[in-house]
Amino acid sequence: MKESKKSAILEFLGLILGCIAMSVGINAFLKPHTIAPGGLSGLAVVLNKLSGIPVSAIMLIIGVPLVLFTFKIMGVKDSMKTLFGTVLFSVMVQLTDGLSHMNLTHDPLLSAIAGAVLLGLSLGIMFKVDASTGGTDLIALILSKKFPNLRPTQFMSCLDGTIVISAGIVNRSIETALYSGLALFIILKIANMVMDGFESSKAFFIITEKEDELRDAITKELDRGLTIINSRGGYTDERKDLFLVVLNNKREETSLKKLVKSIDSKAFLIVTDVHEVLGNGFKEI
């Protein structure tokens, strides 16, 4: 019960923080230059340029019916949560609307980058705590139900691409479309970085002729655990033990390479990046 209450509080705080950051990014940097990097907010920026209707109002007009339309697909609990996020986001956009008239920067490139960074951070935070403000992902969900052979991500890519192109059309500038595309790229990259975490972990796969000696060195000198996997050479058909070691410390990574080289300079070593490590000795699940 305590854990679910803590999770609900974190989700609520993440949603508020995310909505504030997104609203500032849209009004302070993206809206003044009609930069629309996809999503419902991007669509609202384009329609605002065409009609003059406030961005927040457009988001409510489109967002709320979308959530109501997907009640059966998403279920009551998730739909109510998304509806709350949609309304909260629209309110925050309206409250920060004054930023769009302050002309913080006249450079559209800097505006695209700054706005995208704020949107990427906020989306990453919200995805991390399982919060949502609805948007074009709901349209993609509806279309994927109609066309089950296509994935929601394919529809989202088409929708975001259409919004990016439309930004250039309404602003009568190909540069606006390019800035919008750049902003979309930055948003996706930063959101993924926030979700995956900024820590740099690496997995080491080691095959050596001196198995006992290397295993003792790793466990005693480095004080790290390892997993032994039974393997067989495809060319020699010889059975060997494959060591799997995961490290999240640069110094330990260098120490392990030196250790392997000092014990068996002919060892076979594969090093690969790991985005996230959960469990004993690392982050809690």
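Let me start with Arg172, which is exposed, with a relative accessible area of 81%, where exposed means over 50% relative accessible area, buried means under 20%, and partly exposed is in between, all with a 1.4 Å probe and protein chains only. Before I go on, please keep in mind that this is a predicted model, in which local features need pLDDT of at least 70 and side-chain atom pairs count only at pLDDT 80 or more, while totals for chains, interfaces and linings use all residues. Residues are numbered from 1 along each chain as its sequence is written, and side-chain values use heavy atoms, with hydrogens and water left out.

Arg172 lies in the loop between helix H8 (152–170) and helix H9 (174–196), where helices are DSSP runs of H or I with at least four residues, strands are runs of E with at least two, and both are numbered from the N terminus. Although Arg172 is not a glycine, its phi is positive, at about 50 degrees. As background, most residues other than glycine have a negative phi. Asp223 also has a positive phi, near 60 degrees, and is likewise a residue other than glycine; Asp223 sits in the loop between H10 and strand S2 (227–232), and with a relative accessible area of 63% it is exposed.

Let me turn to the salt bridges, each being a side-chain nitrogen of Lys or Arg within 4 Å of a carboxyl oxygen of Asp or Glu. By this rule the model has 8 salt bridges. One of them pairs Asp97 with Lys31, with the closest N and O atoms 2.9 Å apart, and this pair links distant parts of the chain, since Asp97 is in the loop between H5 and helix H6 (108–128) and Lys31 is in the loop between H1 and helix H2 (39–51), 66 residues apart. Asp97 is partly exposed at 21%, whereas Lys31, at 15% relative accessibility, counts as buried.

A further salt bridge joins Glu209 to Lys240, the closest N and O atoms being 2.7 Å apart. This pair, too, links distant parts of the chain, with Glu209 in the loop between strand S1 (201–207) and H10, and Lys240 in strand S3 (residues 239–247), 31 residues apart. Glu209 is exposed at 59%, while Lys240 counts as buried at 17%. Lys240 also forms a salt bridge with Glu238, where the closest N and O atoms are 3.6 Å apart, and Glu238 is partly exposed, with a relative accessible area of 38%. Through shared partners, Glu209, Glu238 and Lys240 are joined into one network.

What about the packing of helices? The axes of helix H10 (residues 211–220) and helix H11 (residues 250–263) come within 10 Å and cross at roughly 150 degrees. H10 and H11 are therefore roughly antiparallel to each other, a term used for angles over 145 degrees, and their crossing is right-handed.

Finally, Ile9, Phe12, Leu13 and Phe84 make a nonpolar surface patch of about 380 Å²; such a patch is made of residues with over 30% relative accessible area and no salt bridge, with nonpolar side chains joined within 5 Å. Helix H1 (residues 2–30) gives the most to this patch, with 3 residues, and Phe84 is in helix H5 (residues 76–95), where Phe84 is partly exposed at 40%.

Conventions
Patch = residues over 30% accessible without salt bridge, like charges linked within 9 Å, V, L, I, M, F, W, Y side chains within 5 Å. Areas by Shrake-Rupley, 256 points an atom, 1.4 Å probe, with all protein chains shown as cover. Axes fitted to C-alpha atoms, helices over the stretch in contact; angles between N-to-C directions. Parallel < 35°, antiparallel > 145°, perpendicular 65-115°, else oblique. Left-handed = near helix turned anticlockwise from the far one by under 90°.
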